[in-house]
Amino acid sequence: MDLGAGELRTFVPAQDFALSQAFYSALGCELEWSDDSLALFRVGASRFYLQRYYLKEWAENCALHISVQDAAGCCADISALVESGRFPTVRVTAPKREPYGALVTYVWDPAGVLLHLAQWDEG
């Protein structure tokens with residue numbers, strides 16, 4: 001079977017739709033389109049849908065793996081964002097070397113979705 005697929009987009013839950021939109025915009029994701037219940041964001045060459053739908057079990061088991069150039073820099077920038085108080089439920093951890101060949105900063109978005117900001121090892 002050949003699906004003829006060209007792109008894969010995931011759906012991400014939002015407990016507070018406006019707050020999550022503001023969070024992803026603050027991360028540098030570009031809002032391409034939105035209506036009252038769905039927002040399309042671009043991050044690098046990829047896109048994802050943020051939706052006005054929340055189920056705790058789903059949100060806390062949802063994750064996005066995003067390749068970045070500087071995991072430590074991302075950690076510092078997001079730490080400053082957390083300290084600003086704009087996103088009180090957002091958490092970030094210091095970068096951690098993972099056995100699969102990346103330095104990863106873990107971030108939990110306002111709904112509890114886990115972001116893996118991964119800086120791949122060279123070579």
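Predicted model: local features only at pLDDT ≥ 70, side-chain atom pairs only at ≥ 80, totals over all residues.
Welcome! Now trace the chain along its sequence: the elements come in the pattern β-α-β-β-β-α-β-α-β-β-β-β.

Next, zoom out and take in the overall form. The C-alpha atoms fill a box of roughly 45 × 40 × 25 Å along the principal axes. The radius of gyration is 15 Å, which agrees with the value near 14 Å that a compact globule of 123 residues would have.

Buried residues account for 38% of the 123 residues. If you colour by charge, look for 9 positive and 16 negative side chains; the centres of these two sets lie 2 Å apart.

Back to the fold for a moment: of the contacts between residues at least 6 apart in sequence, 50% join residues at least 24 apart.

Now select strand E4, residues 46-51, and pick out Leu50 within that strand. Is Leu50 buried or exposed? Leu50 is buried, because its relative accessible area is 0%.

To see what surrounds Leu50, show its contacts beyond the neighbours within four places in sequence. Among them are Val12, Pro13, Ala14 and Phe17, then Ser20, Gln21 and Tyr24, and also Ser37, Leu38, Ala39 and Phe41.

For a last stop, select Thr89 together with Leu50. These two are 39 residues apart along the chain, and their C-alpha atoms are separated by 17 Å.

How values were computed. Residues numbered from 1 in each chain as written. Heavy atoms only, no water. Helix = DSSP H or I, 4+ residues; strand = E, 2+ residues; numbered from the N terminus. Rg over C-alpha atoms; globule rule 2.2 N^0.38 Å. Buried < 20%, exposed > 50% of the residue type's maximum accessible area, 1.4 Å probe, protein only. Contact = heavy atoms within 4.5 Å. Lys, Arg positive; Asp, Glu negative; His and termini not counted. Charge placed at Lys NZ, Arg CZ, Asp CG, Glu CD.
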